Structure formats: C-alpha cells, structure tokens
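Colleague: I am new to this structure and would like to learn how to read it. Could we go through it one feature at a time?

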Amino acid sequence: MSALRNGAMQVRNIMTSAIRPSGLPGGIPASSLPFSVTNRYKLTAYFILFFGSGLAAPFWLVRHQLLKK
C-alpha cells in the first residue's frame with residue numbers, strides 16, 4: 001500500500017510541475033493581455049475601432065464594387 005501511495009505522489013508531483021508555467025506572471029488580472037486595460041477611454045476607443053472596422057468592412061467592399069466602372 002505504501003509503494004502505491006509513494007508512486008502516486010511521484011506522478012502527482014511530476015504532473016503539477018509540468019503544468020505549472022515558469023516565468024509567467026500569475027495571479028494578476030489582465031497581465032498577459034497584449035493591450036493595457038488601465039485607461040478606460042483608450043480601451044473603449046480601441047474596441048470601437050477593432051469591432052467597428054470588422055463590421056463596416058463588408059459594407060465598404062460592396063460600395064467599392066458598386067462604384068467601380
């Protein structure tokens with residue numbers, strides 16, 4: 001019984017060390033995002049530009065095709 005428990009503990013230690021990221025900041029919300037979330041107005045402008053350009057692109061493309069001669 002002791003050998004089984006010892007083996008299980010070794011497997012558990014190996015798996016937890018393999019899953020644990022090394023060198024990455026942890027526990028800080030939004031620390032791994034590619035943009036800053038500290039300025040609310042800048043973040044809002046970025047979201048409007050990002051999603052607005054994606055939603056407007058099909059309309060611009062149709063307009064371009066209709067205006068071509």
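Predicted model: local features only at pLDDT ≥ 70, side-chain atom pairs only at ≥ 80, totals over all residues.

Colleague: Is S53 buried, partly exposed or exposed?

Modeller: Relative accessibility decides that, and the middle class runs between 20% and 50%. S53 counts as partly exposed because its relative accessibility is 36%.

Colleague: Which backbone oxygen does the side chain of S53 reach at 2.9 Å?

Modeller: To read a polar contact, look for a pair of N or O atoms within 3.5 Å. The side chain of S53 reaches the backbone oxygen of L49 at 2.9 Å.

Colleague: Where does F50 lie?

Modeller: F50 is in helix α2, which covers residues 40-67. F50 counts as exposed, because its relative accessibility is 60% and the class begins over 50%.

Colleague: Which residues form a nonpolar patch on the surface?

Modeller: The patch consists of L33, F35, V37, F47, F50 and F51. Together they have about 570 Å² of accessible area.

Colleague: How many helices and strands does the chain have?

Modeller: There are two helices and zero strands.

Colleague: What percentage of the residues count as buried?

Modeller: Buried means under 20% relative accessible area. In this chain of 69 residues, 3% count as buried. The accessible surface of the chain is about 6,900 Å², and carbon and sulfur atoms account for 68% of that surface.

Technical notes. Residues numbered from 1 in each chain as written. Heavy atoms only, no water. Helix = DSSP H or I, 4+ residues; strand = E, 2+ residues; numbered from the N terminus. Buried < 20%, exposed > 50% of the residue type's maximum accessible area, 1.4 Å probe, protein only. Areas by Shrake-Rupley, 256 points an atom, 1.4 Å probe, with all protein chains shown as cover. Patch = residues over 30% accessible without salt bridge, like charges linked within 9 Å, V, L, I, M, F, W, Y side chains within 5 Å. Salt bridge = Lys/Arg side-chain N within 4 Å of Asp/Glu carboxyl O. Polar contact = N/O pair within 3.5 Å; in protein donor to acceptor, adjacent residues only side chain to side chain.
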